Amino acid sequence: MIDHMLIAVRSVGLSDSIKFEAKKIKEGGKKNIFKQKFEVGEGEKLLKASHCCLSTEAGPVAGLLFISTEKVAFCSQRSVTFKSPDELLEETDRKIEIPIRNIRGVDLNESQQKKMTIITEDSSEFLFMDFLRYDKARQNLEEAILWQSCQAKRS
């Protein structure tokens, strides 16, 4: 039963990816989407934007993972529906932002499964999976963490 659900989610993900590619072209590319969805600091450089899924309690959410010199940020490809405290259904983009300096650890041991888990200073865990270009995302995340640690030593 679970395998059938996973296949359905992935095929919807492919359809969403095609729609998102069209939206990306319309909005001027991944760099512009990053600037529109997140606050970009002076001197901050986008290293990589990768298609992947964020694991949530409600199931995987397809989107883009942005890796910059300052943060790791995720934005869903389409709105997510949830119940508000007053029981109304609301739609919103799923967005998370993790400053590189707040990353305590990264589990990159699942390259065969194209998964990475980011653990923050407050022990929150974010599981990203099903990368289209896992190796490139992994390399850029490692670069961003190294760059941030060099900056911290200079301060």
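**Overall layout**

Please keep in mind that this is a predicted model. The protein has three helices and nine strands, and from the N terminus the order of its elements is α-α-β-β-β-β-β-β-β-β-β-α. Of its 155 residues, 37% count as buried. The accessible surface comes to about 9,900 Å², and carbon and sulfur atoms account for 51% of that area. If we take the contacts with a separation of 6 or more, 45% of them are between residues 24 or more positions apart.

What does the inside look like? The largest nonpolar core has 21 residues, and the members that touch the most other members are Leu65, Val72, Phe74, Met116, Phe128 and Phe131.

Leaving aside residues up to four places away in sequence, Phe128 touches Cys52, Cys53, Leu54, Leu65, Phe74, Ile96, Lys114, Lys115, Met116 and Ile118. A second core is separate and has nine residues, including Ile33, Phe34, Leu46 and Leu64.

Which residues point to either side of β3? Lys71, Ala73 and Cys75 point one way, while Val72, Phe74 and Ser76 point the other way, and all are buried.

With β2 it runs antiparallel, and five bridges join the two; they form a hairpin with two residues between them. In this pairing, Phe66 stands opposite Ala73 of β3. Five bridges also join β3 to β6, again in antiparallel fashion, and here Cys75 has Lys95 of β6 as its bridge partner.

**The cysteines**

How many disulfides does the model have? With a cut-off of 2.5 Å between cysteine sulfur atoms, the count comes to zero. Take Cys52 as an example: the closest cysteine sulfur is in Cys53, and at 6.7 Å it is too far for a bond. Cys52 is buried, with a relative accessible area of 4%. Cys75, the residue bridged to Lys95, also counts as buried, at 1% relative accessibility.

**Helix α2**

Let us finish with α2, which spans residues 30-37 and has Ile33, Phe34 and Lys37 as its buried residues. Why do these residues line one face of the helix? Seen down the axis of α2, they fall within an arc of 100°, so they line one face. Two of them, Ile33 and Phe34, were met above as members of the second core. On the other side of α2, Lys31, Lys35 and Gln36 are exposed.

Methods
Residues numbered from 1 in each chain as written. Predicted model: local features only at pLDDT ≥ 70, side-chain atom pairs only at ≥ 80, totals over all residues. Heavy atoms only, no water. Helix = DSSP H or I, 4+ residues; strand = E, 2+ residues; numbered from the N terminus. Buried < 20%, exposed > 50% of the residue type's maximum accessible area, 1.4 Å probe, protein only. Contact = heavy atoms within 4.5 Å. Areas by Shrake-Rupley, 256 points an atom, 1.4 Å probe, with all protein chains shown as cover. Core = buried A, V, L, I, M, F, W, Y, C linked by side-chain atoms within 4.5 Å. Pairing = 2+ DSSP bridges. Arc of directions from axis to C-beta.
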